[in-house]
Amino acid sequence: MSSSALTCFQKCCPKVIKHYPFNQKTVPMDISAVNALPYEDFVNIFGNVVEKCPLITAAVWTRRPFTSFNALEAAINEFIDALPESGKEGILRCHPDLAGKHLHSGALTRESQEEQTRAGMDVLSSAEASQMTRLNEEYKGRFGFPFVICARMNDKVTILRELSERCQNERAAERARGIGEVKKICRLRLQGLVLSDATNKL
Ligand SMILES: NC(=O)N[C@H]1NC(=O)NC1=O
């Protein structure tokens with residue numbers, strides 16, 4: 001972070017600054033602190049609100065100033081909605097499998113690791129783990145992109161049920177459904193970084 005931006009950010013949000021660097025967990029900042037961030041810091045902080053898609057964050061930076069948390073979220077969602085279907089599928093392909101090999105090897109992003117662990121993906125019985133692997137493969141074979149669901153809004157029972165049911169859908173419906181889940185994941189990740197609008201109007 002440049003020194004002028006750091007000073008500005010310190011003024012805006014003194015509680016957050018002690019948590020620098022930002023790739024670690026931080027106290028949520030207010031929207032004026034978000035608007036004061038230079039491009040590099042903005043991408044460092046928000047680059048993974050859509051899993052492994054910092055391009056989205058980089059593009060959305062040009063939409064500042066954001067009037068509120070909801071405006072920031074809306075800018076991200078509008079960017080996603082404007083993508084061609086191939087771009088939306090690309091976003092889905094950036095997501096790791098639920099309960100996949102990377103969960104146990106520690107190769108997931110911090111956010112994904114936390115979400116999957118919270119949903120109990122790391123403590124599946126061997127029967128559940130085999131079912132998950134089989135259905136994940138079936139899903140990818142049918143659609144050409146991985147099954148995506150907001151793990152923090154589900155548990156292992158609902159995830160397995162949804163995975164099994166959604167394998168039966170049409171590709172376009174599943175693409176739209178997966179993108180809807182990406183937006184839910186994004187909203188929850190943003191809530192960990194930015195104060196919500198009740199406390200946060202410009
Ligand atoms: N495949 C998939 O849904 N992955 C994810 N879902 C979620 O909430 N975090 C993820 O990494």
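How do the residues of the lining of the largest cavity divide into nonpolar, polar and charged?

Analyst: The model is predicted. The lining of the largest cavity divides into eight nonpolar, three polar and three charged residues. That cavity holds about 120 Å³ of space. Of the 14 residues that line the largest cavity, His-95, Leu-98, Ser-112, Ile-149 and Ile-185 are the closest to its centre. Two elements give two or more residues to this lining, namely helix 9 and helix 12, the latter spanning 171–191. Helix 9 provides the largest share, three residues.

The largest cavity is also the space taken by the ligand. Around the ligand stand Pro-96, Leu-98, Ser-112, Glu-115, Gln-116, Phe-147, Val-148, Ile-149, Cys-150, Ala-151 and Ile-185. By class, this shell comprises eight nonpolar residues, two polar ones and one charged. Helix 9, residues 110–118, gives the most to the shell, with three residues. Helix 9 likewise gives the largest share of the cavity lining.

At Ser-112, an N or O atom of the side chain is 2.5 Å from an oxygen atom of the ligand. At Ile-149, a backbone N or O atom lies 2.8 Å from a ligand nitrogen.

Two cavities of 30 Å³ or more are present in the structure. The second largest cavity has a volume of about 30 Å³. Its lining consists of Phe-42, Phe-46, Val-49, Thr-57, Val-60, Leu-72, Ile-76 and Leu-190. Helix 4 (39–46), helix 5 (54–60) and helix 6 (69–82) are the elements that each give two or more residues to the lining of the second largest cavity. Seven of the lining residues are nonpolar, one is polar and none is charged. For the largest cavity, by contrast, the lining includes three charged residues.

Between helix 4 and helix 5, the loop contains Lys-52. The phi angle of Lys-52 is near 55°, a positive value in a residue other than glycine. Between helix 5 and helix 6, the loop contains Pro-65. Arg-64 and Pro-65 are joined by a cis peptide bond, with omega at about 0°.

To return to the question, the lining of the largest cavity has eight nonpolar, three polar and three charged residues, and the ligand takes up the space of that cavity.

Key
Residues are numbered from 1 along each chain as its sequence is written. This is a predicted model: local features need pLDDT of at least 70, side-chain atom pairs count only at pLDDT 80 or more; totals for chains, interfaces and linings use all residues. Side-chain values use heavy atoms; hydrogens and water are left out. A residue is near a molecule or strand if one of its heavy atoms lies within 4 Å of it. A polar contact is a pair of N or O atoms within 3.5 Å; within protein, one must be able to donate a hydrogen and the other to accept it, and residues adjacent in sequence count only if both atoms are side-chain atoms. On a 1 Å grid over the protein atoms alone, a cavity is a set of points where a 1.4 Å probe fits but cannot get out, and a pocket is an open set with protein on both sides within 12 Å along at least five of seven lines; lining residues have an atom within 4 Å of a point. A molecule sits in a cavity or pocket if more than half of its atoms lie within 2 Å of its grid points. Helices (H or I, at least four residues) and strands (E, at least two) are DSSP runs, numbered from the N terminus. Ala, Val, Leu, Ile, Met, Phe, Trp, Tyr, Cys and Pro count as nonpolar, Asp, Glu, Lys and Arg as charged, and the others, Gly among them, as polar. Grid points are joined across faces, edges and corners, and a volume is the space filled by probe spheres set on the points.
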